[in-house]
Amino acid sequence: MEIEEDEERRRQRKLEEALEVKSLRRIISAYLNYPEAAEEDVRRYEKSFKKLPPAHKALLPHYPSKFQNLRRCISLNSYFIFTMLQAFEPPLDMSQDVDGCKDPHLENFEHGHCHSEERNASSCQSASTSGRMCCSNHAEACPQEKSNIMSNPTTELQEVKSEQQHEPIFGSGAGEVENNNEIAECCSNDVADSNGNAFSSPHDWLDPSLQLNVPLVDVDKVRCIIRNIVRDWAAEGEKERNQCYKPILEELDAQFPNRSKESPPACLVPGAGLGRLALEISCLGFISQGNEFSYYMMICSSFILNHTETTGQWTIYPWIHSNCNSLSDNDQHRPVSIPDIHPASAGITEGFSMCGGDFVEVYNDSSQIGVWDAVVTCFFIDTAHNIIEYIEIISRILKEGGVWINFGPLLYHFADMYGQEDDMSIELSLEDVKKIAFHYGFELEKEQTIETTYTTNPRSMMQNHYHAAFWTMRKKRTTTT
């Protein structure tokens with residue numbers, strides 16, 4: 001019986017790994033398909049222009065050069081993307097055959113961060129099977145199952161080091177090929193898949209024969225990531241960061257006024273996205289851990305955090321993909337330099353880490369009970385299938401007297417999913433969300449509404465604004481008699 005159970009576990013693990021490879025290959029293919037999809041847009045613009053009557057066409061003599069400028073911008077965006085992918089080291093054997101592997105729930109898993117003025121919130125998504133992974137010296141912060149390390153939706157992740165220590169900030173995918181041994185030593189894991197096979201080199205898995213034909217909606221997620229880069233890592237995104245991150249950072253600072261450098265408070269940031277908020281919290285003097293589910297996000301954040309040598313090292317063109325609501329062609333084609341800070345020089349606190357995987361899968365674990373001094377959720381709680389489960393877990397993992405700081409709307413990501421019988425989307429009002437929080441032992445200390453945007457082009461003629469809920473709740477201490 002035990003032999004049969006072991007065989008079933010091995011079979012299940014192999015299936016999970018195959019699904020993981022397929023979903024990761026799909027995400028990588030979306031990135032690789034970006035230039036062709038963008039070029040197709042330009043060809044469409046040119047086709048429409050050519051249909052104009054000669055008299056109308058004569059009024060737009062600059063349009064041919066505009067199209068060529070768009071191609072130049074696409075080329076520079078593609079250069080950034082390809083450089084990023086070459087730096088990424090997949091945590092899986094990407095050469096394995098997964099053609100016969102199907103996951104009926106794959107589409108439902110592809111939801112991530114994209115609150116945008118241009119499209120529904122579910123248009124930027126992540127594709128991954130469930131699971132967890134973290135590589136951190138703080139074992140209590142994120143438990144890992146070393147026997148099942150490759151069934152997880154992330155790269156191996158490691159503790160952040162400062163610039164003086166000359167170590168990657170996170171992610172085994174951040175190193176070049178020659179750094180594999182260093183990465184493995186830091187993470188205390190062999191650089192191999194769950195069957196003991198060595199990872200493929202960063203270039204083998206870019207072989208065209210391993211790429212998938214992906215729908216255009218997948219490429220749209222890449223465009224969403226480019227806009228998120230502006231939000232987190234460009235000077236142009238500072239206004240939005242000040243609206244969203246600054247109130248959180250000020251509240252954390254006020255809640256923990258006497259932080260000890262020898263024993264800093266621990267703060268968890270679920271839905272960390274591209275990592276800026278988690279890094280800023282670390283710079284405040286907290287042991288900060290970001291948690292992110294989306295491979296789209298993690299590939300990009302790992303590159304920015306680990307491969308940045310100076311501020312403004314890269315130039316991207318985030319606004320070229322929409323001709324609507326532009327004040328001028330120059331606005332649409334303007335460059336954005338990234339990053340606006342050098343992450344390794346930002347003054348992070350020892351212990352900063354990123355943990356990849358689904359929030360419920362990672363933190364609904366007995367080892368997480370009462371671990372965290374603070375949990376910060378920013379544009380996160382509406383990503384849940386079941387927001388009640390999120391709140392329950394947040395309460396469970398906080399220490400007694402710990403604080404939950406939340407910022408964001410309730411634009412439920414799965415609200416518009418139709419046709420799947422096993423889909424669930426619990427869409428509570430703000431009033432009900434607070435009632436549920438009170439049920440799980442929270443007391444409301446502060447609450448206000450803050451107007452903000454999300455990945456918005458600041459020069460666009462259309463600006464969608466959220467009236468975001470911002471609160472501080474404290475987990476009540478149990479009374480003893």
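# Briefing: cores, cavities and local features

The largest nonpolar core has 80 residues, and Tyr 31 and Ile 229 have the most contacts inside it. Helix 4 gives the most to this core, with nine residues. The model is a predicted one.

- Tyr 31 is in contact with Ile 81, Phe 82, Met 84, Leu 85, Val 222, Ile 225, Tyr 296, Ile 299 and Cys 300, leaving aside its neighbours within four places in sequence.
- Another core, of 31 residues, lies apart from the largest one. Its members include Ile 287, Ile 381, Ile 391 and Leu 398.

**Helix 6 and the largest cavity**

- Helix 6 covers residues 216-233. Its 18 residues should span 26 Å at 1.5 Å a residue, and its end C-alpha atoms are 26 Å apart, which agrees.
- Helix 6 is largely enclosed by the rest of the structure, because 16 of its 18 residues are buried.
- Helix 6 and strand 2 (266-270) each supply at least two residues of the lining of the largest cavity. The largest share, three residues, comes from helix 6.
- By class, the lining of the largest cavity consists of 10 nonpolar, four polar and two charged residues.

- Helix 2 has 17 residues, 34-50, and reaches 25 Å from its first C-alpha to its last. This is close to the 24 Å expected at 1.5 Å a residue.
- The buried residues of helix 2 are Tyr 34, Ala 37, Ala 38, Glu 39, Asp 41, Val 42, Tyr 45, Glu 46 and Phe 49.
- An α-helix has 3.6 residues a turn, so residues three or four places apart point the same way. Among the residues of helix 2 that are buried, Ala 38, Val 42 and Tyr 45 can be read with that rule in mind.
- Helix 2 and helix 4 (63-87) are the elements that give two or more residues to the lining of the second largest cavity. Helix 2 gives the most, with four residues.
- By class, six residues in the lining of the second largest cavity are nonpolar, one is polar and one is charged.

**Backbone features in loops**

- Ile 338 and Pro 339 are joined by a cis peptide bond, with omega at about -15 degrees. Pro 339 is in the loop between strand 5 (336-338) and strand 6 (353-357).
- Asn 325 has phi near 60 degrees, a positive value in a residue other than glycine. This residue is found in the loop between strand 4 (314-316) and helix 10 (329-332). Asn 325 counts as partly exposed, at 32% relative accessibility.
- Thr 455 is not a glycine, yet its phi is positive, at about 50 degrees. Its place is in the loop between strand 9 (442-452) and strand 10 (466-475). Thr 455 is buried, with a relative accessible area of 2%.

- Glu 392 is found in helix 12, residues 387-397. With a relative accessible area of 28%, Glu 392 is partly exposed.
- Glu 392 and Tyr 440 are 6.3 Å apart in space, C-alpha to C-alpha, and 48 residues apart in sequence.
- Asn 291 is found in strand 3, residues 287-292. It counts as buried because its relative accessible area is 2%, and buried means under 20%.
- Leaving aside its neighbours within four places in sequence, Asn 291 is in contact with Leu 268, Val 269, Pro 270, Gly 271, Ala 272, Cys 355, Gly 356, Gly 357, Phe 359, Val 362 and Tyr 363.

Definitions and conventions. Residues numbered from 1 in each chain as written. Predicted model: local features only at pLDDT ≥ 70, side-chain atom pairs only at ≥ 80, totals over all residues. Heavy atoms only, no water. Expected span 1.5 Å × (residues − 1). Buried < 20%, exposed > 50% of the residue type's maximum accessible area, 1.4 Å probe, protein only. Nonpolar A, V, L, I, M, F, W, Y, C, P; charged D, E, K, R; others polar. Core = buried A, V, L, I, M, F, W, Y, C linked by side-chain atoms within 4.5 Å. Contact = heavy atoms within 4.5 Å.
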